[in-house]
Amino acid sequence: MFCYKFSPLPKYFNMKILRNIFKKHIDVKHKIVYKEGNKHGYLHVDMDNIPNITYKKIEIIFEKVEYKEHKKERVEEDIVDIRDKVTPLWKMEYSEQIKYKENMIMEFYKNNKIIGDEESKEMNKKYLNIKESNNDNDNNGENVDNNNNNSIDNNNNDGKESENKIVVKPALSNLRNKMELTFGIIPKPALGFRGNRNYNKVMEVNEVQFISEILKSKIQEINDNLKDKEQLIFNRETKIGYLKVLLLKEFNDEIISMVGIHCNEEEENNIKKYFTDKTPIDGILNELVTFIENLPFENLYINFSSDNFDGIRNDKNKIMGVRGKDSIDFYFGEYKFKTNFFSFFQCNITFTKIIEDISLLSADGEYLLDLCCGSGVIGILLNKNYKKIIGIENNEDCKNMVEYNLQNNKINNYEFKLGDIKKIREYLDVNQNYSAILDPPRNGVSKDVISWIRESNIKELFYISCDYKQSVQNIKDLMRDESKKYKNEKFNIELVRAYDMFPGTDKMEVMIYMKR
């Protein structure tokens with residue numbers, strides 16, 4: 001494969017014109033790299049010589065160049081500390097991070113007329129009263145040492161939970177259990193975090209605090225093996241190469257990994273044959289499979305793609321196992337759960353603080369609806385609080401995970417339904433009031449789902465959001481006065497709590513407790 005620089009190009013040229021020109025004059029497979037408005041572009045083609053082409057009296061001149069010249073011409077982003085990209089608050093003391101987040105979320109909800117200062121203050125007082133009452137009951141009327149029993153909360157708010165703010169509960173761990181890293185070629189072949197503007201650029205992970213030392217050592221081993229293997233890495237500009245991304249999940253020092261590679265159907269079949277029956281493979285594909293075999297993971301899978309999607313796609317026909325298993329177990333207290341590459345669940349131990357607050361606040365211990373239940377983690381952790389739990393999820397990949405988790409933990413009061421949330425009404429008793437947990441995707445649920453919740457006999461709702469800014473419309477619709485679209489009594493907010501699942505960032509998990 002050769003690289004040619006072609007010029008001069010008039011300003012009115014575009015990619016469509018270039019495709020038509022090269023289709024007429026170059027009858028072999030080629031790739032064009034061109035940005036509209038530039039006076040030149042690059043052509044990648046397996047031809048040792050290309051004569052100049054004349055188009056409407058314009059002579060397009062081809063000059064063979066080293067690919068590195070093309071790469072250097074790319075406008076580079078300023079070199080930044082990787083921590084500025086993935087943990088932008090890292091320079092703050094942790095107590096200052098918490099205060100920053102409390103102010104940020106309070107300001108957002110005030111601006112959106114969700115909650116004001118006085119409402120927040122009253123909610124926090126009510127929460128403290130419930131907590132104190134609960135502690136009294138747990139200790140048979142003995143005095144409670146709040147500094148010991150609630151030491152994490154007091155670390156961030158100094159006991160001032162009754163102030164007019166939304167309390168952000170601190171993280172119990174700063175490690176992340178799931179991440180997707182990118183293979184890139186700038187400034188050198190490496191695996192790391194993707195650059196801001198140049199998708200071929202990656203930034204190494206050594207300084208990042210949320211990655212375990214075990215993973216860092218394995219990533220370093222991979223980068224040592226990549227030093228002279230730029231040809232294996234998928235180039236986002238030329239669309240040539242193979243290695244795109246690496247998906248990792250880690251629990252208790254156990255890791256599952258999936259490498260995403262770009263290839264055509266023939267290459268995919270050859271790679272599959274190599275790993276299934278060791279059919280010999282030649283050339284650069286041999287280098288690729290050797291590199292994959294040497295990845296330092298006991299549990300290793302491959303995800304194939306032939307388009308420009310730069311991630312891991314959940315398509316069983318495009319996934320194959322190299323070795324090991326595709327799932328691992330993790331624990332929350334006495335409960336054991338299984339997770340695979342694509343099952344959605346809350347894996348951060350800080351999530352147990354949300355479970356504690358739901359247990360504390362829930363007014364009805366009879367029936368619980370676990371909406372968007374994922375792997376069933378929330379409902380299982382709360383199973384002792386309710387007589388019966390009904391979980392519903394429309395993601396088929398979660399079905400086996402839920403069934404395994406229920407059976408493994410001997411949970412008998414949880415019934416799982418696969419399907420749309422709106423269909424759950426056929427399983428409900430119209431004479432029974434329900435509590436509900438809604439833990440939707442990042443952008444919330446549709447207006448139709450909110451409308452159904454409004455019409456249902458749900459009396460209290462715990463809305464859990466991983467992006468409170470995107471889910472705010474759901475909250476507003478739950479709080480609207482009755483109308484043709486939103487029938488039945490509206491919900492009122494009883495309490496808002498935030499949980500710092502991702503220290504160093506401005507991201508928070510938010511739980512909004514609503515009743516009617």
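This is a predicted model: local features need pLDDT of at least 70, side-chain atom pairs count only at pLDDT 80 or more; totals for chains, interfaces and linings use all residues.
**Stop 1: the annotated binding-site residues**

Begin by selecting Gln-346, Glu-393 and Asp-439, which an unreviewed UniProt entry lists under "binding site". Centre the view on Glu-393, which belongs to strand β17, spanning residues 388-393. Is Glu-393 buried or exposed? Its relative accessible area is 11%, and a residue counts as buried under 20%, so Glu-393 is buried.

Next, display the surroundings of Glu-393. Beyond its neighbours within four places in sequence, Glu-393 is in contact with Cys-372, Cys-373 and Gly-374, with Cys-398, and with Phe-416, Lys-417, Leu-418 and Gly-419. One distance deserves a label in the viewer: a polar atom of the Glu-393 side chain lies 2.8 Å from the backbone nitrogen of Gly-374.

Then move to Asp-439, in the loop that runs between β19 (434-438) and α14 (447-455). Asp-439 is likewise assigned to the buried class, because its relative accessible area is 7% and the class covers values under 20%.

**Stop 2: Cys-372, a contact of Glu-393**

Keep Glu-393 on screen and select Cys-372, one of the residues in contact with it. Cys-372 sits in the loop between β16 (367-371) and α12 (377-381). Inspect its backbone torsions: phi is near 55°, a positive value in a residue other than glycine. For context, most residues other than glycine have a negative phi. Cys-372 counts as buried, at 16% relative accessibility.

**Stop 3**

Now select Asn-488, in the loop between α15 (472-479) and β21 (492-499). Although Asn-488 is not a glycine, its phi is positive, at about 75°. How accessible is Asn-488? Its relative accessible area is 33%, and Asn-488 is therefore partly exposed.

Stay in the loop between α15 and β21 and select Lys-484. Lys-484 counts as exposed, at 80% relative accessibility.

**Stop 4: the annotated active-site residue**

Select Cys-466, which UniProt lists under "active site" in an unreviewed entry. Cys-466 is located in the loop between β20 (458-465) and α15. Which residues does Cys-466 touch, apart from those up to four places away in sequence? They are Arg-442, Met-508 and Glu-509.

**Stop 5: Asn-112 and its partners across the sequence**

Select Asn-112, found in the loop between α4 (94-111) and α5 (117-138). With residues up to four places away in sequence set aside, Asn-112 touches Val-472 and Lys-476.

**Stop 6: Lys-338 in strand β15**

Select Lys-338, in strand β15, which covers residues 335-340. At 18% relative accessibility, Lys-338 counts as buried. Excluding residues up to four places away in sequence, its contacts are Ser-327, Ile-328, Asp-329 and Phe-330, together with Met-401, Tyr-404 and Asn-405.

**Stop 7: the pair of helices α9 and α10**

Show helix α9 (residues 265-277) and helix α10 (residues 283-293) as cartoons. Their axes come within 11 Å and cross at roughly 50°. This angle makes α9 oblique to α10. The handedness can also be assigned: α9 passes α10 in a right-handed crossing. For the side chains, select Glu-267, Asn-270, Ile-271, Tyr-274 and Phe-275 of α9, then Leu-285, Leu-288, Val-289, Ile-292 and Glu-293 of α10; these residues make the contact.

**Stop 8: two cis peptide bonds**

Finish with the peptide backbone, bearing in mind that most peptide bonds are trans. Select Ser-7 and Pro-8, which are joined by a cis peptide bond with omega of about -5°. Pro-8 is in the loop between β1 (2-7) and α1 (15-25). Then select Ile-186 and Pro-187, where a cis peptide bond has omega of about 5°. Pro-187 is in the loop between β7 (178-184) and β8 (190-194).

Definitions and conventions. Residues are numbered from 1 along each chain as its sequence is written. Side-chain values use heavy atoms; hydrogens and water are left out. UniProt positions are given in the numbering used here, feature names are shortened, and annotations may be inferred rather than shown by experiment. Helices (H or I, at least four residues) and strands (E, at least two) are DSSP runs, numbered from the N terminus. Buried means under 20% relative accessible area, exposed over 50%, partly exposed in between (1.4 Å probe, protein chains only). Contact means heavy atoms within 4.5 Å. A polar contact is a pair of N or O atoms within 3.5 Å; within protein, one must be able to donate a hydrogen and the other to accept it, and residues adjacent in sequence count only if both atoms are side-chain atoms. Axes are lines fitted to C-alpha atoms, for helices over the stretch in contact, and angles run from 0 to 180 degrees between N-to-C directions. Angles under 35 degrees count as roughly parallel, over 145 as roughly antiparallel, 65 to 115 as roughly perpendicular and the rest as oblique. A crossing is left-handed if the near helix is turned anticlockwise from the far one by less than a right angle, and right-handed if clockwise.
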